[in-house]
Amino acid sequence: MEANKVLHFVPSEAPSAGMTKNGYFYQEMEQREKEEPEDGSEEREEGQDSPIPSGDDIHLYANQIHPGGTDSDVHGCVLLNTSRRYVKLMNFEEEVRAHRDLDGFLERASILLHEDEASLDDVLKTMLRHVSQDPHTAEPACNFEEIMSSLFTDAGSQEVNDRSQSFLFYDNVHLLSETLQCVTATATGVQYQQSWLCILCNVKSLQRRHVCISRLERPQNWGENCAEVRYVILILSPLKMKSTKTAMELGRTFATMFSDISFRQKLLETKTQQEFKEALVIQRYHLTSAKHKPVSTEEEGTDPHSHKPLKCRDFFRVGRGIYEDLCRRLPLYASDFTDGIVGSNKALGKYMTTAIFLYIAVLLPAIAFGSLNDETTRGEIDVQKTIIGQSIGGIIYSLCAGSPLVVPLTTAPIAIFIGVIRGICDDYDLDFAAFYACIGLWNSLFLILGGVFNLSLLVKLFKRSIEEVIALFISIAFVVDAVKGTVKIFLKYYHPPTLANGSMAELQRSMNGGVIEGVNITGAGLVTLPESFILCTRARPLLCLLLMLGTLWLGYTLYEFKRSPFLHYKIREILSDCALPISVLIFSFIGSYVFNDIGLPVFDFDDERKLFRVAPFEKLSGASVLSAMGLGFLLALLIFIDQNIVVSLTNAPENRLIKGTAYHWDLTLSGIVNILMSVLGLPWMHAAFPHSTLHVRQLAFVEERVEGGHLYETIVSVKETRVTSLAANILIGVSVFLLPVPLQWIPKPVLYGLFLYIALTSIDGNQMCDRMALLLKEQTSYPPTHYIRKVPQRKIHYFTFLQMVQLLFLCAFGMYPLPYMKMIFPLLMIILIPIRNCLLPRIIEARYLDIMDAQHM
């Protein structure tokens, strides 16, 4: 029988000097369903594993302390001076008082938008002073110093300093008398919304109710459960009021509004009191009309995110998924261009930094993979074609895709596949351009059929653990590519100085004819040779290693700079958003200018090659076309898996995207784009990881919370726009005119550093990596995640070990040096589905697997 949780709130430990705490921590007590809950305690079942409080999972708790007296012993715990009440959210649709409360506040608004005080006491004094000085809220018989003292209940003796009206506490315990905070019942217990605090106070001498809202200049840490406070709502009410007009009821109104994380982000963007009021009115409208939104039952049928079970007949609803995707996204198409540009909530700065980041993050891998294609295809597909293909495909995808935040890119598996095709053409004397185009057309046909027959519904079978294994494999592939490139440089150059071919004979002839230019004979009889004679020096590979690691270090340091206390938070955000471009530019300058006397490896470029050439299909025989069908199917399988997993990761619930998905249309569009790529001899492309998720993160506004000593970032909202991707791909197209200079000034080691940066930042939030880290941590350092609370530790380690085995399985085949082995790699990725859904439940209980596949808490 499942045990229910009874949560008792007891006074927290005394805070450190100078810190005020609103002050409660909870202690969990298990109680069987047959037992009756004690008086003053509330019995609740655990809610859904959702990191964002919303809907019915949100509850308000009135934390109220009454001085004097102790509670009786409950389940062996002594509850000291506490009483806890459960308070429901205000129903704006049914309760008239909510609208009247807000109208009354808008008439006599007390709003402080740029409060820079650091302590709670100073903030409350400023708010009370503002209320007392407001001519609309005159209270001649009220002593606001008395109100200030009644806001707190102090366990222990206190002394009032008459000169400064400050309070001295001997026992250093300073707790708020009555507060409202929004909490969520989760698998970890109770999760607080720590960015706002509603303080209630009933005052006998008041004649009317007063509300004052203060928005702090920067988040303040006021103790446990209030570690990131940005808003303070002060509710003052006369002691004797109608039951619907009490401080608690008025607090419910505003607490319900502030429980919406997106609303709090919108309030941060307001600059005047009028904009603040307008945001309150709009939020009231949303809360009133929230229950009137029609729910389409048909939409559930072809949406992979729906909870409807998968049925065979869903695959025979031909074109239904594409139709519903277009119906879902077309009404919002104009807003994809105007959001953040037109209106009050502009985000031009974030758009600019994101476009620059995306330009660098896409262009440099295109150069790297284009250089790899140039080597494997012997110039058939080079850097120039890769850049042009990226620009054309990226622009089409940005304008037409249903998920505009998804970034299409030619990837390492595609480059490897192209190399294998080149080998097959050499073995069987086939025309590469024609065979390549034929494979691409078959691939596009299969992708379009997959979109028409709703095959993206199979995403339901890809659990979170499968997605994370594949995502981590892609990150490891980036690391392996960087390490391989660096090892090649060391193998080629890390030797004692040696003479280039023919330089010895030339030196002998020159010495016989007399002293040559550049050769100096020192006093000790040693000969100094010119650099043109020397083939290898150890300075070159060491500089390459330093450039790669330096690009990684500077990029990641600037990426994490937003969490530092230095500079203004807006400057920190800009530096964090531009971390990758800054790092690439600085270390390219160091490698190409500061150490210009050391030759560094760069990509090859030949401007004499023909840019576009339509494939000569007449050179293929019927057998070649049929063999191309098999290779096209394997390629389509690879793109199908990567495309849908990347779209799924991009539209994950924690990213809070609200405009809907378009799996089927995006898959079809990927097939259409690759038709053009195939015919023109350009590299194929598909949705890329981790670029797509990094794109979402760049456009996201986040809110931080502290839980159990661990800092978590919660995405508040994301600007879902096509502008950033469109601008980045246009800039990539313009970059063709920067070939070979200045793009050749970017050394290959900087490209490898970019790969390491992308790999490192992509594992942030990967639950598999978090569980792998548990193997190296002591148990007292485990974070308070949902699986730690609900799954036995041994089961967690079993599951992590099995995931690591699957990852090694993918790495062994995906990175095996035999080229033909890599062609069947997509089939190996498919095998992960029956392993997770059929094999693992025989080893670990299914309920534990479902918990560990849930969202991170």
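Which residue in β17 is the bridge partner of Val 211? A few notes on that and on other spots in this model.

1. **Ground rules.** This is a predicted model, where local features need pLDDT of at least 70, side-chain atom pairs count only at pLDDT 80 or more, and totals for chains, interfaces and linings use all residues. Residues are numbered from 1 along each chain as its sequence is written, and side-chain values use heavy atoms, with hydrogens and water left out.

2. **Strand β16.** To settle the opening question: Val 211 has Ile 235 in β17 as its bridge partner. β16 and β17 run antiparallel and are joined by 7 bridges. With strand β8 (residues 111-115), β16 pairs in the parallel sense over 3 bridges, and there Ile 111 is partnered by Ile 213. For pairing, DSSP has to find at least two bridges between the strands; strands (E, at least two residues) and helices (H or I, at least four) are DSSP runs numbered from the N terminus. Strand β16 (residues 210-220) is mostly covered, with 8 of its 11 residues buried. Buried means under 20% relative accessible area, exposed over 50%, and partly exposed in between (1.4 Å probe, protein chains only).

3. **Aromatic pairs.** There are 14 aromatic pairs in the structure. Tyr 231 and Phe 258 make an edge-to-face one, 5.4 Å centre to centre with 65° between the planes. Tyr 231 lies in strand β17 (residues 229-238) and Phe 258 in helix α4 (residues 247-258), so this pair ties together parts 27 residues apart in sequence. Tyr 231 is buried at 1% relative accessible area, and Phe 258 is buried at 0%. Another edge-to-face pair is Tyr 333 with Phe 337, at 5.3 Å and 70°; here Tyr 333 is partly exposed at 30% and Phe 337 partly exposed at 26%. The cut-offs: ring centres (six-membered ring for Trp) within 6.5 Å, with planes under 30 degrees apart stacked, over 60 edge-to-face and the rest tilted.

4. **Aromatic cluster.** Tyr 231 and Phe 258 turn up again in one aromatic cluster with Trp 196 and Phe 263.

5. **Charges over rings.** The charged end of Lys 350 sits over the Phe 701 ring, 5.2 Å from its centre. Lys 562 does likewise over Tyr 559, at 5.0 Å. The test is NZ of Lys or CZ of Arg within 6 Å of the ring centre and within 35 degrees of the ring normal.

6. **Loop residue.** Worth a look: Phe 453, in the loop between α13 (432-452) and α14 (464-493), is partly exposed at 31% relative accessible area.
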